[in-house]
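Reader: I am new to this structure and would like to walk through it with you. Could you show it to me?

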Amino acid sequence: MASMSTAFAKTTPFLSQPLTKSHKSDSVTTSISFPSYSKSRSLRSSFRVRAGLIKPDGGKLVELVVPEPRRREKKHEAADLPRVKLTAIDLQWMHVLSEGWASPLRGFMRESEFLQTLHFNSLRLDDGSVVNMSVPIVLAIDDEQKALIGESKRVALVDSDDNPIAILSDIEIYKHPKEERIARTWGTTAPGLPYVEEAITNAGNWLIGGELEVLEPVKYNDGLDRFRLSPLELRKELEKRGADAVFAFQLRNPVHNGHALLMTDTRRRLLEMGYKNPILLLHPLGGFTKADDVPLSWRMKQHEKVLEDGVLDPETTVVSIFPSPMLYAGPTEVQWHAKARINAGANFYIVGRDPAGMGHPVEKRDLYDADHGKKVLSMAPGLERLKILPFRVAAYDKTQGKMAFFDPSRAQDFLFISGTKMRGLAKNKESPPDGFMCPGGWKVLVDYYDSLSVTGNARIPEKVPV
């Protein structure tokens with residue numbers, strides 16, 4: 001198998017060459033209709049199709065990385081401040097904030113922002129307008145750290161090696177109501193929620209918020225940094241390609257041909273609406289995921305093969321890594337996934353069954369109603385500008401030997417291959433039906449499960465070259 005760098009040099013499937021023909025066009029008016037899930041908010045039956053990207057929340061993209069000329073000065077300032085050490089997940093949220101994914105948020109949340117997020121899933125701005133914000137982006141500290149900070153109004157945020165990486169100014173320290181936070185975000189306090197166990201249960205009893213200044217752009221040095229495009233970088237790439245519509249697809253799993261069918265059909269629908277050059281933002285989640293999810297490096301290799309094999313068109317697809325951690329908080333979290341893509345320039349968002357959902361950690365059932373995610377997105381405050389495109393259900397059509405949209409009139413002809421079934425086949429080195437996934441992509445998945453080294457009951461994935 002060719003290395004990613006070699007393959008990219010030949011095909012550049014993730015960031016392919018910009019289209020040579022200019023697609024900047026005048027405004028066009030067209031009448032369209034979408035499925036609507038709420039009388040309180042429908043996607044208007046008529047709207048203007050315009051060239052250009054949607055504006056970020058708050059009207060301006062927030063960027064919190066200190067400009068190059070001031071970095072030395074800020075590092076000297078940080079050296080004399082009380083210190084707060086960041087966990088790996090804290091660093092991921094700092095990354096999210098620093099690049100403007102959470103615009104117009106300018107730092108870890110103070111109490112007023114935290115409470116608005118918990119209870120309203122939105123933030124009210126100074127001008128009275130509302131932007132969506134459904135998940136708390138907060139930084140926890142313990143009693144000892146709180147005491148060390150004392151009366152200081154500024155702290156340095158440091159990495160695992162105690163290197164200062166950011167300054168938090170005009171700080172506010174307030175109680176961390178863990179039970180309320182968990183109940184409001186996940187709708188349950190049942191034990192076994194992956195993110196809760198990783199990031200909240202053993203976290204400090206205080207939260208610290210303030211204005212964030214990140215001393216340098218966040219890098220992970222894992223071979224994948226070149227795919228972690230900021231919202232500003234994505235907007236530049238989309239403008240370079242002449243995108244007059246951007247439709248985003250959020251995923252944390254390998255891409256099979258049913259996903260690809262959905263994405264290519266979405267582009268077809270947008271062309272029929274009157275758009276000239278709709279671009280797909282294939283945007284895999286790159287932060288914390290639960291232990292049984294396929295690791296990011298392997299997913300990126302699998303996505304590479306999907307483009308190499310022509311399942312998706314490199315000319316009309318941008319693949320980039322979304323740095324957010326995964327909460328598995330269902331209808332609450334899917335609003336965050338949609339809101340963040342507005343800031344990257346997306347004006348259409350594809351949503352499927354049980355987005356950001358998972359099995360109940362105690363009972364044998366789904367934690368969330370499978371349809372609530374798409375219904376909530378259709379009426380969520382602050383997301384009115386985003387057009388929601390619900391999944392059409394795709395399954396394996398045995399009569400055609402390929403993935404196709406499900407036809408209930410001949411249900412017996414369709415085979416549903418769940419994620420659990422897919423993983424089981426890959427683990428056992430069995431092949432799915434021809435046409436379920438491109439051969440190159442399936443081989444990556446099989447190679448991943450083959451790489452798992454068994455030590456007692458723990459399975460540790462080997463690193464994949466990138």
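Reader: Is Arg268 buried, partly exposed or exposed?
Author: This is a predicted model, in which local features need pLDDT of at least 70, side-chain atom pairs count only at pLDDT 80 or more, and totals for chains, interfaces and linings use all residues. Residues are numbered from 1 along each chain as its sequence is written, and side-chain values use heavy atoms, with hydrogens and water left out. Buried means under 20% relative accessible area, exposed over 50%, and partly exposed in between (1.4 Å probe, protein chains only). Arg268 has 36% relative accessibility, so the class for Arg268 is partly exposed.

Reader: Which residue forms a salt bridge with Arg268?
Author: A salt bridge here is a side-chain nitrogen of Lys or Arg within 4 Å of a carboxyl oxygen of Asp or Glu. With the closest N and O atoms 2.7 Å apart, the partner of Arg268 is Glu272.

Reader: Where do Asp293 and Arg252 lie, and how many residues apart are they?
Author: These two form a salt bridge, with closest N and O atoms 3.2 Å apart. Asp293 is buried at 6% relative accessibility, and Arg252 is buried too, at 15%. Asp293 lies in the loop between strand E11 (278-284) and helix H10 (296-308), and Arg252 in the loop between E10 and helix H9 (257-273); the pair links distant parts of the chain, 41 residues apart.

Reader: What is the distance between the closest N and O atoms of Asp450 and Lys429?
Author: Asp450 belongs to helix H14 (residues 439-451) and Lys429 to the loop between helix H13 (419-427) and H14, so the pair ties together parts 21 residues apart in sequence. Asp450 is partly exposed at 48% relative accessibility, while Lys429 is exposed at 53%. Their salt bridge has its closest N and O atoms at 3.1 Å.

Reader: How many salt bridges does the structure hold?
Author: Side chains of opposite charge can pair when their charged atoms come close. Some join into a network, as Lys74, Glu77, Arg154 and Glu213 do. The total for the structure is 31.

Reader: What is the order of strands in the open sheet of five strands?
Author: Helices (H or I, at least four residues) and strands (E, at least two) are DSSP runs, numbered from the N terminus. Two strands pair if DSSP finds at least two bridges between them. The pairing in this sheet is parallel, and the order is E12-E11-E10-E13-E14.

Reader: Why is one side of E12 and of E14 left without a neighbour in the sheet?
Author: Strands of a sheet pair through backbone hydrogen bonds, either parallel or antiparallel. E12 (317-319) and E14 (387-390) each have a single partner strand, so one side of each has no neighbour in the sheet: both stand at the edges.

Reader: Which residue of E13 is the bridge partner of Phe249?
Author: Strand E10 (residues 245-251) and strand E13 (residues 348-351) pair in the parallel sense over three bridges. In E13, the partner of Phe249 is Ile350.

Reader: What is the mean pLDDT of the protein?
Author: pLDDT is the predictor's confidence in each residue, from 0 to 100. It stays under 50 over residues 1-48. Across the protein, 86% of residues reach 70 or more, and the mean is 88.

Technical notes
Contact = heavy atoms within 4.5 Å.
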